Amino acid sequence: MKNNEKFISTPNIVLIMAFPLLASIVVFYYNPTLGALGLFVSLLLFLFLKSINTTKAKELQRYVDEVSYSFDSITKNVVFEMPFPIAIVEDDRKIKWHNSFFRDLFPDRTLIGEEIDTLIPDLGALEFDNEEIRTSKNVNISDKVIQFYYSTIFEDDNSKGLTFLYGIDNTYDESIKKLFKDKRLVFYSVFIDNYEDIRNSASSENRPKILGEIDRVINEYFKKYSCLVRKYENDRFMILSEYQDYVEIHDDKFSILDKVRDINEGNALPPTLSIGVGIAGAKPSEIYSDSRDAINIALSRGGDQTVVKLEDNYEYFGGKTKAIEKTSKVRSRVISQALKRMMQTSSDIYIMGHNNPDMDSFGSSLGVYEGARTLDKEAYIILNEVTKPIENMYARATEELEELKNHILTEEEALKKISQASLVIVTDNHRKNSTEGPGLLDKTDNIFIIDHHRRGKDYIKKATISYIEPYASSASELVTEILSYLEEDFKARTAVAESLLAGITVDTKNFVYQTGVRTFEAASVLKRWGADSVYIKRMFKDDFEIVKYKSEVIADSFIVNDFIAVAHFNREKMGQP
């Protein structure tokens with residue numbers, strides 16, 4: 001309907017009639033005959049305009065009705081012909097109506113009256129009680145991936161709701177995402193852990209056969225999964241694969257570790273692999289860097305395992321064998337000289353073990369302190385609390401080493417003195433939040449770690465040098481080796497030597513567990529420095545009351561399943577508070 005065809009509203013008629021009516025009244029005052037004629041003409045004009053208005057109003061209503069009918073018809077056709085699945089679900093979650101595209105998702109089922117939760121279990125967690133349009137997660141139906149949108153309509157407060165449910169086919173988009181994910185690069189850094197030991201221990205006639213068999217097993221395993229394998233050093237391989245092939249290797253749980261370990265071609269030692277896998281980087285260089293980070297963790301944890309670096313976590317496979325003690329002390333000598341250089345170039349040195357320290361933590365810290373003192377460097381040990389396990393050692397050391405008390409600080413005191421040029425040395429620990437002074441690690445970039453525990457994911461990442469050797473019995477053993485190479489005529493004071501020997505003794509359970517040749521060599525060095533093993537034995541000796549309590553507990557114990565002893569310590573019976 002055109003604008004000039006719109007009907008005249010009542011206010012507009014009044015405005016139009018106002019002038020002739022007033023004019024007629026004025027004329028009627030001077031000439032009644034002409035005035036009456038004017039009023040008559042005004043009445044006719046009013047009736048004419050009213051007639052036009054009524055006619056146009058009827059035409060407008062007819063037009064609106066036609067548009068409404070057409071809109072309803074179009075809406076019905078659109079809903080029925082819309083090219084994606086649609087269903088109407090009643091308040092009891094039963095299907096009331098659906099279109100042909102929805103039916104095509106379930107060709108062999110009768111859908112009317114069936115519960116939507118039974119038909120599509122993934123929608124069971126959705127609550128159809130909101131008039132706003134909301135979405136579900138992607139739902140897999142046959143070979144399609146559908147994302148459903150839904151909205152509920154209530155005619156009045158007491159009526160049941162009807163939920164309008166329609167789905168968008170995301171199959172193509174999801175297939176592209178899957179293709180992109182499957183074709184991502186995965187980088188593997190593969191090291192033969194004990195290549196030199198195997199090579200040196202094998203006879204000349206068996207050596208080529210053993211090393212060739214290791215190469216063959218590695219190549220065959222990874223090529224079975226369509227990987228690119230390149231050997232770039234005698235004991236190192238660089239391997240590339242697509243993510244879809246990595247998934248198969250992951251599901252196989254990297255059985256290559258077992259296959260290599262089972263090689264027996266006359267070799268005296270079983271060969272083991274360390275594998276670092278990078279999968280999360282956005283660029284090839286980042287994926288490669290992730291694999292290098294992962295292989296470093298695998299090696300520091302003792303080897304014979306796979307470490308996969310995820311976005312913000314690590315996944316571990318293998319690690320079944322005990323860390324093999326290294327016969328060569330070359331690395332220990334190199335680390336000793338590196339530590340010496342870092343000590344000499346730093347302004348001052350802060351040494352700390354783990355919180356709630358034990359004899360190995362405090363003993364190794366004393367050893368490093370002694371090394372720094374030999375180099376005439378200002379060094380401090382961070383100790384927040386003298387715990388029960390170290391109180392005897394602490395008392396002996398502070399009594400015999402006169403200057404030591406002035407060089408033991410709490411974290412709070414150390415934070416007031418440390419600077420960017422300081423050196424922080426962490427012993428018997430490599431986790432930031434487990435140290436005696438985590439705040440010190442944020443004050444300098446010069447950080448040196450000496451530890452014998454397998455590396456975890458929360459290790460101190462910005463350490464300049466990490467000397468982590470899981471084969472070692474204790475941090476005290478590693479520190480003893482470092483000190484023996486620090487200076488040609490180095491000799492620790494007796495209290496320090498005894499503290500180091502006590503650290504080794506407690507971590508090896510009196511030279512029983514995790515004890516190798518180098519453990520006894522370190523102990524012999526400490527004996528030469530004056531450590532008294534009899535005194536250390538007394539340090540661990542229980543007093544009469546403890547022996548009595550242990551005897552009572554053992555006497556009251558009983559055996560379960562032939563190998564489990566259960567006992568109860570009765571404090572009241574023992575006279576304990």
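Predicted model: local features only at pLDDT ≥ 70, side-chain atom pairs only at ≥ 80, totals over all residues.
Local features need pLDDT of at least 70 and side-chain atom pairs count only at pLDDT 80 or more, while totals for chains, interfaces and linings use all residues. Residues are numbered from 1 along each chain as its sequence is written, and side-chain values use heavy atoms, with hydrogens and water left out.

**View A. Helix H15 packs against helix H16.** H15 (residues 475–484) and H16 (residues 494–507) sit with their axes 8 Å apart, at an angle of about 140 degrees. On the H15 side, the contact (heavy atoms within 4.5 Å) uses Ser 476, Glu 477, Val 479, Thr 480 and Leu 483, and H16 brings Leu 500, Gly 503 and Ile 504.

**View B. Lys 231 pairs with Asp 215 in a salt bridge.** The N to O distance is 2.6 Å (the cut-off is a side-chain nitrogen of Lys or Arg within 4 Å of a carboxyl oxygen of Asp or Glu). Lys 231 is in strand E7 and Asp 215 in helix H7, so the bridge ties together parts 16 residues apart in sequence. Asp 215 is buried at 18% relative accessible area, whereas Lys 231 is partly exposed at 39% (buried is under 20%, exposed over 50%, partly exposed in between, with a 1.4 Å probe and protein chains only).

**View C. Arg 493 reaches Glu 403.** Their closest N and O atoms are 3.0 Å apart. Arg 493 lies in the loop between H15 and H16, and Glu 403 in the loop between H13 and strand E14, so this bridge links parts 90 residues apart in sequence. Shared partners join Glu 370, Arg 373, Glu 403 and Arg 493 into one salt-bridge network.

How values were computed
Axes fitted to C-alpha atoms, helices over the stretch in contact; angles between N-to-C directions. Helix = DSSP H or I, 4+ residues; strand = E, 2+ residues; numbered from the N terminus.
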